[in-house]
Amino acid sequence: MALAFPVTAFPLTAFPVRVLRTALAALVVLAALVVPREPLGLLALPVEGLLGAALLLLLPARAVRPAATVVGLALGAVGVVAVLDAAFRSVLARPFDPLLDAASVSAGVEFVAGSAGPLAAAGAVVGAVLVALAVVVGVTLSVRHLAGIAVAHRRTAARTLAALTPVWLACALLGAPVASAGAALLVRDHAVQVRDGLADAEAFAAELAVDPHRDTDGLLSALAGKDVVVAFVESYGRDALPLVAPQLAAGTAGLEAAGFASRSGFLTSPVVGGNSWLAHATFLSGLRVHDQRRYAALVESDRTTLTSLFGAAGWRTAGVMPGTTREWPEAAFYGYDTVLDHPALAYRGPDHGWATVPDQYTLAAFQRAERDRPHEPLMAEIALVTSHAPWAYVPPVLDWAAVGDGSVYADVPPGPAEYGGAIAYSLDSLVSWVETYGDDDLVLLVLGDHQPSAAVTGAGDTADVPVSVITRDEAVLDRTDGWGWTSGLRPDDAAPVWPMESFRDRFLTAFSTEPDHPAR
């Protein structure tokens, strides 16, 4: 369709307007069919254009305009989905899901609002809607224009189509990339995506029905009396390790000097580039939660989580969520006794955007609220968010006595606002917290939630994240002997890699068995 118009059908006097208009319409339709899916871009020959042109040429004249309108609207919608696919692949390493990604879009809007303000977020939404409408309208008008030209000059259009069709067939048989069927494959892939999603919902319901640790006696008995803290470091993925190698080496040495030992391995996150809540849900529930459909089913179920199992075994449970600024009904599902969200953390420092609370302040506020006072054994999940893009404010690690209510950060100049520096700050804050406040009863698990977008590091196609256990208690480390983890905070490249969803049950098995039967 994009190539089935007769350039020679126009007199030269019409060139300045009619020829340019037709050429522009052809480029718009061609772009909708092949960009950004095809490596050759506008040099590709789309089979959908040939089929569309053939269809319109076969129709009676009175049916051409309505049919062209329907084809144009459909092709415009395909073009919008193709752009969304490209955006989601570049950030989240997966295609756009039209049924499930409203949560990702809303999370993106919240991120823009937190980073650049509500006006910028509103502008981004309005701009995106206008662009989508412009694409659909522009493609539809272009298809209608080309259809009118083709029907007005049927013989020339039919000859052009007859010449290009064998070219496409020959290129397809030879495997030449010029033969494109990207738009059709896009529609097929998303139809399969919807079908597979519905099937996955049934499979996940079956997984939810099986909970091997429900009503099990003696869970976590090997950690009796311990404060167990799980610290998620935002976007701390395998690709970060070379960037923070000095900090990991210094952190390992500092911990050893303070009497702590550490071991590290890898977990494979269900997500890349964002949607951190899915990684948290996966880690705590022991089930792979890679999309919003699974997440919604999970939090509406009675599945036990690592948090709720600690609570049932006698621990006080806390969620420390500096990025949570509104009601969080899922907290009840996870089994937290208390949630230290952004308001509860009482941060009085400057607002630097979405990840406004520095990680050291989060740890200091948690220490004051929970560990400094007499308390029963505590299990806490802490989200450290300074390493969340766009790293608007990465401060140095301060003396802990100076942190106070956070107002000190108004006078603290930031370090370099870049990914590696932000991860280094988060890790340095954690190590310093352990060195300052750690004791014989502390067991700290440190892990990343997901890899950053590939655009950030320019490396890697893995979803692996580091995970470390830190403690002074040799008996606790003995329970991990069967894990094969690397000594220190940096796992070897050959360290074991487990699916993140497998950690819950491995951890429960390791710390719920008799002392003479360590980790299995």
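These are my notebook entries on what I looked up in this structure, which is a predicted model.

**Entry 1: the whole chain**

I started with the overall picture. The chain has 520 residues, and buried ones make up 48% of them. For secondary structure I noted 19 helices and 11 strands. The C-alpha trace spans about 90 × 50 × 40 Å along its principal axes.

Next I looked up contacts between residues at least 6 apart in sequence: 76% of these join residues at least 24 apart. The accessible surface comes to about 22,500 Å², and carbon and sulfur atoms account for 63% of that.

**Entry 2: charges**

I then turned to the charged side chains. The chain carries 33 positive and 53 negative charges, and their mean positions are 16 Å apart. A reminder to myself: side chains of opposite charge can pair when their charged atoms come close. Searching the whole structure for salt bridges gave 14.

**Entry 3: helix α10 and its two arginines**

Which residue does Arg-294 pair with? I found a salt bridge to Glu-207, with the closest N and O atoms 3.3 Å apart. Glu-207 sits in helix α7 (residues 182-208) and Arg-294 in helix α10, so this pair ties together parts of the chain that are 87 residues apart in sequence. I also checked the cover on each partner. Glu-207 is partly exposed, at 30% relative accessible area, while Arg-294 counts as buried, at 6%.

Arg-293 also belongs to helix α10, which covers residues 292-299. What is the nearest side chain of opposite charge to Arg-293? My answer is Asp-291, 4.2 Å away. Leaving aside neighbours within four places in sequence, I listed the contacts of Arg-293 as Leu-99, Leu-100, Gly-197, Leu-198 and Ala-201.

I looked at Asp-464 and Arg-238 next, whose side chains meet in a salt bridge at 3.2 Å, N to O. Asp-464 is in strand β9 (residues 464-471), and Arg-238 is in the loop between β3 (227-233) and α8 (245-257); the two are 226 residues apart.

Asp-481 is partly exposed, with 45% relative accessible area.

**Entry 4: a nonpolar patch**

I finished at the surface. Val-125, Val-126, Val-129, Leu-130 and Leu-133 form a nonpolar patch there, and together they have about 420 Å² of accessible area. With a relative accessible area of 49%, Val-126 is partly exposed. Patch members need over 30% relative accessible area, so Val-126 passes that cut-off.

Key:
Residues are numbered from 1 along each chain as its sequence is written. This is a predicted model: local features need pLDDT of at least 70, side-chain atom pairs count only at pLDDT 80 or more; totals for chains, interfaces and linings use all residues. Side-chain values use heavy atoms; hydrogens and water are left out. Patches are made of residues with over 30% relative accessible area and no salt bridge: like charges are joined within 9 Å, nonpolar side chains (Val, Leu, Ile, Met, Phe, Trp, Tyr) within 5 Å. Accessible areas come from the Shrake-Rupley method with a 1.4 Å probe; for residues, only the protein chains shown count as cover. A salt bridge is a side-chain nitrogen of Lys or Arg within 4 Å of a carboxyl oxygen of Asp or Glu. Buried means under 20% relative accessible area, exposed over 50%, partly exposed in between (1.4 Å probe, protein chains only). Helices (H or I, at least four residues) and strands (E, at least two) are DSSP runs, numbered from the N terminus. Contact means heavy atoms within 4.5 Å. Lys and Arg count as positive and Asp and Glu as negative; His and the chain ends are not counted. The place of a charge is taken as NZ of Lys, CZ of Arg, CG of Asp or CD of Glu.
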